[in-house]
Amino acid sequence: MATDEPIYVYFIGTAGSGKSTLTASFQNWFKLRGLDSITVNLDPGVDSLPYTPDVDIRDWISLKEVMEEYDLGPNGAQIVAADMIALNAKDVKESVDGFKTDYVLIDTPGQIELFVFREAGNFLVTQLNPRRSMVAYLLDPVLSKTASGFVTQLLLSLTTRFRLSIPVANVLSKSDLLSDEDLKRLQGWSSIDEEIYETILRERASVYRELSEQILLLLKHFGEETSIISVSSNNYQGMEDLYNVIQMCFRAGEDTTSD
Ligand SMILES: Nc1nc2c(ncn2[C@@H]2O[C@H](COP(=O)(O)OP(=O)(O)OP(=O)(O)O)[C@@H](O)[C@H]2O)c(=O)[nH]1
Ligand SMILES: [Mg+2]
């Protein structure tokens with residue numbers, strides 16, 4: 001039984017980075033630990049999900065109806081539907097509040113820009129509880145393989161922090177797909193020091209390499225050098241680490257096990 005306001009964790013990342021699967025597996029891990037959580041689906045266009053959402057934006061917004069009503073194709077309708085999330089923010093809040101849970105795990109729409117770059121995402125975070133919210137930003141391992149790809153992912157994560165004004169934990173998803181060597185390299189890069197600078201400098205001289213160097217300076221300046229948490233929804237690797245980071249963010253290490 002919750003004794004305090006819940007913590008809201010938003011799973012955000014580029015399309016296919018593993019948001020929905022992590023929402024499902026993190027809740028399963030919570031259950032195994034005897035912790036109470038609910039899941040929220042904010043993607044109005046999704047057909048099937050690897051979990052049964054406790055709160056589902058599709059109860060209020062139907063992508064098919066938006067397409068018909070406004071005579072739009074799927075992409076235009078996604079944008080209108082994403083903006084409509086703001087209109088339903090109060091309903092979502094009432095529904096979430098009805099559960100009296102400790103953790104609210106929120107799966108965001110496939111395309112990152114729909115939630116992060118449009119105002120509706122920010123509005124929803126503000127309506128639900130900006131003081132008790134954080135982002136688990138998923139770095140796609142495929143897009144993180146090269147140093148410039150990794151830097152670009154961190155830049156998107158930083159942009160998310162600035163757009164939503166809440167703490168962000170960087171999570172390397174699908175870690176089971178990476179070799180130990182890959183994982184070690186990415187952990188080395190995440191400290192944003194000589195290792196990644198040297199890798200970038202070894203790339204062919206171009207305006208893109210220069211841009212990567214400047215992005216590194218930006219990331220360093222805004223404190224993005226915190227280590228990334230490697231997680232796998234397939235084997236639960238890193239779930240405990242992610243949970244501990246959430247605890248540190250809001251409860252200074254206090255464990256909220258309900259029993
Ligand atoms: N091997 C492995 N595959 C994973 C993992 N997590 C997700 N996947 C796979 O990655 C693909 C995309 O996962 P989703 O959870 O749908 O990703 P998403 O970010 O919700 O995708 P969209 O909402 O469509 O943008 C699926 O085929 C998943 O089975 C993981 O930890 N390990
Ligand atoms: Mg998804």
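This is a predicted model: local features need pLDDT of at least 70, side-chain atom pairs count only at pLDDT 80 or more; totals for chains, interfaces and linings use all residues.
Me: Which residues of helix 6 meet helix 4?
Reply: Helix 4 passes helix 6 in a right-handed crossing, and on the side of helix 4 the residues involved are Ala89, Lys90, Val92, Lys93 and Val96. By class, this contact of helix 4 with helix 6 has 6 nonpolar, 1 polar and 2 charged residues. On the side of helix 6, the residues that meet helix 4 are Phe123, Leu124, Gln127 and Leu128.

Me: How many charged residues are in the contact of helix 3 with helix 6?
Reply: In this contact, Ala82, Asp83, Ile85 and Ala86 of helix 3 meet Glu119, Ala120, Phe123 and Leu124 of helix 6. Divided by class, these residues comprise 6 nonpolar and no polar ones, while the number of charged residues is 2.

Me: What is the handedness of the crossing of helix 7 and helix 10?
Reply: Helix 7 (residues 147–164) and helix 10 (residues 207–221) have axes that come within 10 Å and cross at roughly 45°, and the two helices are therefore oblique to each other. Ser148, Val151, Leu154, Leu155 and Leu158 in helix 7 meet Tyr208, Ser212, Ile215, Leu216 and Leu219 in helix 10, a contact with 8 nonpolar, 2 polar and no charged residues. The crossing of helix 7 and helix 10 is left-handed.

Me: Which strands stand at the edges of the sheet?
Reply: The sheet is open and is formed by 7 strands with parallel pairing, in the order 3-2-4-1-5-6-7. Each edge strand has a single partner strand, so one side of each is left without a neighbour in the sheet. Those at the edges are strand 3 (55–56) and strand 7 (229–230).

Me: Which residue in strand 4 is the bridge partner of Ile38?
Reply: Strand 2, made of residues 37–41, pairs with strand 4, made of residues 103–107, in the parallel sense over 5 bridges. In strand 4, the bridge partner of Ile38 is Val104.

Me: Which helix gives the most to the shell around ligand 1?
Reply: There are 16 residues around ligand 1, of which Gly18, Ser20, Thr21, Gly110 and Ser233 come nearest. By class, the residues of the shell divide into 2 nonpolar, 11 polar and 3 charged. With 3 residues, the helix that gives the most to this shell, running over residues 19–32, is helix 1.

Definitions and conventions
Residues are numbered from 1 along each chain as its sequence is written. Chains are lettered from A and ligands numbered from 1 in the order in which they are written. A crossing is left-handed if the near helix is turned anticlockwise from the far one by less than a right angle, and right-handed if clockwise. Helices (H or I, at least four residues) and strands (E, at least two) are DSSP runs, numbered from the N terminus. Two residues are in contact if their C-beta atoms, placed from the backbone, lie within 7 Å. Ala, Val, Leu, Ile, Met, Phe, Trp, Tyr, Cys and Pro count as nonpolar, Asp, Glu, Lys and Arg as charged, and the others, Gly among them, as polar. Two strands pair if DSSP finds at least two bridges between them. A residue is near a molecule or strand if its C-beta atom, placed from the backbone, lies within 6 Å of it. Axes are lines fitted to C-alpha atoms, for helices over the stretch in contact, and angles run from 0 to 180 degrees between N-to-C directions. Angles under 35 degrees count as roughly parallel, over 145 as roughly antiparallel, 65 to 115 as roughly perpendicular and the rest as oblique.
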